[in-house]
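Let us walk through this structure step by step. We begin with one annotated residue and follow its surroundings.

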Amino acid sequence: MVNLKYSTNYLLHDLSSQQLDQLKKKAVEAKNHSYSPYSKFRVGCCILTKDNLFVDGANVENASYGGAICAERTAAVKAVTSGQKDWLAIAISGDRIDDCTSPCGICRQFIREFASLDMPVIMLNSDGSQAVLKSFGDLLPMSFGPGSF
Ligand SMILES: O=c1ccn([C@H]2C[C@H](O)[C@@H](CO)O2)c(=O)[nH]1
Ligand SMILES: [Zn+2]
């Protein structure tokens, strides 16, 4: 885990400390709009776009369990359908204080469509006090994307 505020990690060099703080805060707060009566596991996500817009999302579950949509895909679809297809960074915050939540496989592939392989993925614990930072390419190596065929 790293304290991103004091991180000099090269992955974050395109972000100001204010953008990073906002991104983390919005991912944590997005959990407030989670609809997760079945798992009772709230997840929030926020995408910072190259137009400097913050697009958040939360998981939305369904009585037919397989119909659940993760926070990451909620945020991704909101961003794309607002005309925001170019992204600088993504942050995710799950409901555990002792663990940082990382995106599921389906979301990784979904994000692949819009993310560069060096886009930072900031995985947070529930209150944002802990973070794991990876490049998107590290989370989905040897991936198949829009330029692959
Ligand atoms: O990265 C993740 C992992 C899980 N979930 C959601 C799906 C489901 O609603 C709940 C439990 O898996 O958490 C997300 O939204 N994002
Ligand atoms: Zn997912």
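Helices here are DSSP runs of H or I with at least four residues, strands are runs of E with at least two, and both are numbered from the N terminus. The model is predicted, so local features need pLDDT of at least 70, side-chain atom pairs count only at pLDDT 80 or more, and totals for chains, interfaces and linings use all residues. Residues are numbered from 1 along each chain as its sequence is written.

Start at E72. It lies in helix α2, residues 71–80. An unreviewed UniProt entry places the feature "active site" at E72; such positions use the numbering used here, feature names are shortened, and annotations may be inferred rather than shown by experiment.

Is E72 buried or exposed? E72 is buried, with 29 other C-beta atoms within 10 Å. The cut-offs are 20 or more such atoms for buried, 12 or fewer for exposed, and partly exposed in between, with C-beta atoms placed from the backbone. Leaving out residues up to four places away in sequence, E72 touches C45, I92, P103, C107 and I111. Contact means that C-beta atoms, placed from the backbone, lie within 7 Å.

Now turn to the end of the story that lies elsewhere. N9 sits in the segment before α1 (17–30). N9 counts as exposed because it has 11 C-beta neighbours inside 10 Å. N9 and P120 are 111 residues apart in sequence, yet 10.0 Å apart in space, C-alpha to C-alpha.

Notes
Chains lettered and ligands numbered in written order. Contact = placed C-beta atoms within 7 Å.
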